[in-house]
Amino acid sequence: MVNSCCGSVCSEQGCGQESCCQPSCCQPSCCQPSCCVSSCCRPQCCRPTCCVSSCCRPQCCQPQCCQPTCCRPACCISSCCRPSCCISSCCRPQCCQPTCCRPSCCISSCCRPQCCQPSCCRTSCCQPSCFETTCCRTTCCRPSCCVSSCCRPQCCQPSCCRPSCCISSCCRPQCCQPSCCQPSCFETTCCRTTCCRPSCCVSSCCRPGCSSTSCC
């Protein structure tokens, strides 16, 4: 035991090892080899889970942060210090919100409140055009469908996701073919393979008997 500990509060508490003989370390919770370093000898840091070199910083010495995955500067912020957020891709302020802290959302394009809902946190949805809640569906999350007029269940099918088809009257499987997606063909009776051409897409022609090429 060194002289600085003799007869002091340090010796009484068993802190007589040389590394611990400093006033800030002379408390029962700190008198352990792993904690007797200057950066760890703080009241909030002196506990076994925090007494590791990466955690012994004021911003990290809070109970929820003192875990191996969280003890790094980027993660030691109050909003990030929870197990679900303490992964390298999530430790950013914009990602450390309860709804975003999961791997699928912790990519730079997704870490925004409007994207951080379970249905939206997919790479295909994390683009500005897809941020509408109505677009965050499995069938809609692709660039061709992520336009406001297309983000409806009936339009979010591969054949319909194009601007010319994404209007309420066209979003039907039988109408979602290139030749039918035009204003004159929007009638249900016209949306047939044989009828979908400009010359046939008039109300008087949109009948099975009139749909041959020679009749239109």
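A disulfide here is a pair of cysteine sulfur atoms within 2.5 Å.

Okay, some housekeeping. This is a predicted model, where local features need pLDDT of at least 70 and side-chain atom pairs count only at pLDDT 80 or more, while totals for chains, interfaces and linings use all residues. Residues are numbered from 1 along each chain as its sequence is written, and side-chain values use heavy atoms, with hydrogens and water left out.

So, the overall picture. The C-alpha trace of the protein chain spans about 110 × 15 × 15 Å along its principal axes. Its radius of gyration is 33 Å, whereas a compact globule of 216 residues would have one near 17 Å; that's taken over C-alpha atoms, and the globule rule is 2.2 Å times the number of residues to the power 0.38.

What about contacts, meaning heavy atoms within 4.5 Å? Among those between residues at least 6 apart in sequence, 0% join residues at least 24 apart.

On burial, 41% of the 216 residues count as buried. Buried means under 20% relative accessible area, exposed over 50%, and partly exposed in between, with a 1.4 Å probe and protein chains only.

Now let's look at some of the disulfides. Cys-75 is joined to Cys-91, S to S 1.6 Å, and with 90 degrees about the S-S bond that link is right-handed. Both cysteines lie in the segment after α1, so the pair ties together parts that are 16 residues apart in sequence. Cys-75 is buried at 0%, and Cys-91 is buried at 6%.

Cys-65 and Cys-81 also form one, sulfurs 1.5 Å apart. Their S-S torsion is about 95 degrees, so this disulfide is right-handed.

Further along, Cys-175 and Cys-191 are bonded with sulfur atoms 1.5 Å apart. That one is right-handed because its torsion is about 95 degrees.

Cys-170 is buried, by the way, at 0%.

Gln-127 counts as buried because its relative accessibility is 19%, and beyond its neighbours within four places in sequence it contacts Arg-142 and Pro-143. Pro-183, on the other hand, is exposed, at 69%.

Technical notes: Contact means heavy atoms within 4.5 Å. Helices (H or I, at least four residues) and strands (E, at least two) are DSSP runs, numbered from the N terminus.
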